[in-house]
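I opened this entry to look up charged side-chain pairs. I wanted to know which ones meet and where they sit.

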Amino acid sequence: MSYSYLSNRDFWKTFVTPTTFSVDDIPSLDNKVALVTGANSGLGFWTAVELAAKGAHVLLGCRDPLKAKDAIQRIRAEIAFRGLAIHPKLEILVVNLEDVKSCHLAAANFLARGLPLNILINNGGMNNPRFELTAHGIEKLFAVNHLGPFALTLALLDRIKASQPSRIVFQSSIAHESTLPFDMTRVSDPTTEANQDGELQQRYARSKLCNIAVAKALARRLEHEHVYVNAVHPGIVYTYISRHLEAYFGPVLGWMYHMAFRLFAMSAKDACLTGLYCAASPEVEEREYRGLYFIPTANLLAPSPMAEDEVFQEQLWAYSEELIREIAG
């Protein structure tokens with residue numbers, strides 16, 4: 001199927017194009033179950049709010065159960081403030097995305113509840129300026145932003161398929177376009193240039209590239225199912241992840257970018273709309289949107305050539321599966 005894309009050079013148009021999708025366009029989600037990772041703050045929090053406000057049973061996938069409990073209280077307060085006559089169905093699912101074993105345990109805990117899974121939003125992520133390895137020797141940004149969500153998705157995939165029509169959303173970033181060619185087998189090697197302290201941009205960018213690549217690879221595997229997999233760039237968003245701008249650009253440029261973010265960036269409340277479009281809009285099924293990349297607000301964009309490369313997608317898939325097998329034992 002052919003789609004009408006914006007080209008990369010047309011990205012600027014999303015800043016002046018009127019929003020064509022809002023929370024009012026989300027249909028009732030009664031009897032739908034959604035899992036949102038990183039749901040205690042930022043994009044994940046507001047995504048959980050809007051899904052719950054439409055009647056979905058929402059599980060907050062968070063590392064810290066106390067923060068998740070606080071988020072549930074804030075979601076209930078927000079829905080009450082809106083005067084909605086619903087009692088939101090909210091639960092906590094503890095998951096640490098940097099640990100594949102934690103992702104498998106979280107999936108097992110979810111499956112034990114006997115619930116369907118209609119919407120999985122892989123929102124949780126990090127932007128750490130230091131080169132660090134997880135307990136299993138995996139570069140942390142690669143682990144948290146790619147490998148953990150990938151492992152969680154695969155562990156839940158049979159339930160997602162059994163719950164179709166269903167959606168899977170990978171939160172990516174326009175930063176993926178700056179990725180240079182890299183050897184994925186060396187992402188955890190501290191001697192490689194992109195793993196040196198201060199090389200945050202490459203480590204973050206390639207983890208976001210991986211989100212799009214596996215979304216496309218998974219969409220191919222599910223082309224005959226009513227499971228719709230897509231990736232999104234939520235926009236330039238001022239959230240906690242922006243605190244590392246100085247590490248990205250240095251103290252002077254970092255401060256300038258920080259101030260620009262404060263003045264012009266989207267709020268998390270607004271920026272969650274593109275992910276919500278992929279998670280809940282009827283248009284996704286009507287138009288057979290699969291393995292695509294969306295930017296604000298719900299505009300299709302052609303991602304970088306590396307993200308579109310099917311050879312790279314399959315190499316990444318195979319390498320990631322092997323890593324998961326090794327860690328899981």
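My notes on the salt bridges follow. I am working with a predicted model.

**Count.** I got 15 salt bridges.

**Within a helix.** I looked up arginine 74. It forms a salt bridge with aspartate 70, and the closest N and O atoms are 2.9 Å apart. I placed both residues in helix α2 (residues 65-81). They are four residues apart, about one turn of the helix. I then checked accessibility. Arginine 74 has a relative accessible area of 32%, so I noted it as partly exposed. Aspartate 70 is partly exposed too, at 35%.

**Strand to loop.** Next I took arginine 113 and glutamate 91. Their side chains meet in a salt bridge at 2.4 Å, N to O. This pair links distant parts of the chain, 22 residues apart. Arginine 113 is in the loop between α3 (100-112) and β4 (119-122), while glutamate 91 is in strand β3 (residues 89-94). I found arginine 113 partly exposed at 32%. Glutamate 91 is partly exposed at 26%.

**Loop to helix.** I moved on to glutamate 98. Its salt bridge is with lysine 140, and the closest N and O atoms lie 3.7 Å apart. Here the pair again joins distant parts of the chain, 42 residues apart. Glutamate 98 is in the loop between β3 and α3, and lysine 140 is in helix α4 (residues 140-162). Is lysine 140 buried or exposed? It is buried, because its relative accessible area is 15% and the cut-off is under 20%.

**Network.** Last, I noted that Glu50, Glu78 and Arg82 are linked in a network of salt bridges.

Methods
Residues are numbered from 1 along each chain as its sequence is written. This is a predicted model: local features need pLDDT of at least 70, side-chain atom pairs count only at pLDDT 80 or more; totals for chains, interfaces and linings use all residues. Side-chain values use heavy atoms; hydrogens and water are left out. A salt bridge is a side-chain nitrogen of Lys or Arg within 4 Å of a carboxyl oxygen of Asp or Glu. Helices (H or I, at least four residues) and strands (E, at least two) are DSSP runs, numbered from the N terminus. Buried means under 20% relative accessible area, exposed over 50%, partly exposed in between (1.4 Å probe, protein chains only).
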